[in-house]
Amino acid sequence: NHPVFLCFNFRILFNASQQIWQNEKLAPVLLTAHSDLLGLIQAEVNQLEAEAKALPAGDLKAQIKRIQVERIRFIMVDYMRVRMKKIERFAEHILAEERSRNSNELPHLTVEEYLFAKSYSNSIREYLKTTIINRLPANMQSIKDEELTFHPNPNSYVFCQSLKKIDFIEVFDHSSNGTQTAVSLTLEPGAQHLLPYSCIRPYVEGGDVILI
């Protein structure tokens with residue numbers, strides 16, 4: 001492999017990993033899983049580690065490769081930590097969304113995350129049943145899924161930046177008397193905005209808008 005190609009390849013993967021990490025940290029909801037991208041990043045990390053080991057001890061190139069590995073590894077570990085935190089907080093909500101998702105939609109959970117969410121949800125149910133529900137009067141021992149569900153707020157305001165021109169984004173302005181007014185916006189490339197996440201969600205998922 002040519003050194004220039006390897007450097008270019010690393011830069012692309014590093015930028016991609018940084019973007020999905022940043023979006024996941026700042027989005028109020030769990031975003032689409034990026035299993036394919038994570039697989040490419042892991043393969044690149046493995047290759048860099050193997051190349052560093054093959055070089056003589058103390059070689060500057062080996063040190064640079066190890067630094068590159070640590071940069072990506074830090075981002076990926078924190079990215080997965082952020083996702084786990086969301087899954088734990090909104091487990092029932094996320095599982096319900098995943099079960100109702102159409103077959104043509106990208107999953108928001110990897111297989112491992114889905115199994116973790118189910119296990120975590122079952123553990124919470126069992127804990128509540130053992131410590132609280134079984135101690136209640138018989139007529140109060142039934143519990144509905146919705147009563148255990150915490151929902152994220154997709155209308156939370158986020159700072160974002162458009163990477164391309166996007167026309168006709170509708171933003172709903174909620175007034176104090178309960179009414180709402182729709183305002184149409186055009187996002188120019190490079191422009192930064194403070195908007196409800198729900199109105200830019202498809203553009204974040206599609207890579208046309210990033211959270212900042």
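Okay, so the chain splits into domain 1 (1–129) and domain 2 (153–211), with bounds that come from an automatic or database domain assignment. Before I go on: this is a predicted model, where local features need pLDDT of at least 70, side-chain atom pairs count only at pLDDT 80 or more, and totals for chains, interfaces and linings use all residues. Numbering runs from 1 along each chain as its sequence is written, and side-chain values use heavy atoms, with hydrogens and water left out.

The C-alpha centres of the two domains sit 26 Å apart. Where they touch, 11 residues of domain 1 contact 12 residues of domain 2, contact being heavy atoms within 4.5 Å.

How much area is buried between domain 1 and domain 2? About 920 Å², with carbon and sulfur atoms giving 54%; that's accessible area (1.4 Å probe) lost on putting the two parts together, summed over both. On the domain 1 side, Asn23, Pro28 and Val29 lose the most, together 45% of what that side buries.

Now the aromatics: the whole structure has three aromatic pairs, meaning Phe, Tyr or Trp rings (six-membered ring for Trp) with centres within 6.5 Å; planes under 30 degrees apart are stacked, over 60 edge-to-face, the rest tilted. Take phenylalanine 10 and phenylalanine 14: their ring centres are 5.9 Å apart and the planes are at 20°, so that pair is stacked. Both belong to helix α1 (residues 3–26), four residues apart, or about one turn of the helix. Helices here are DSSP runs (H or I, at least four residues), numbered from the N terminus.

Conventions
Helix = DSSP H or I, 4+ residues; strand = E, 2+ residues; numbered from the N terminus.
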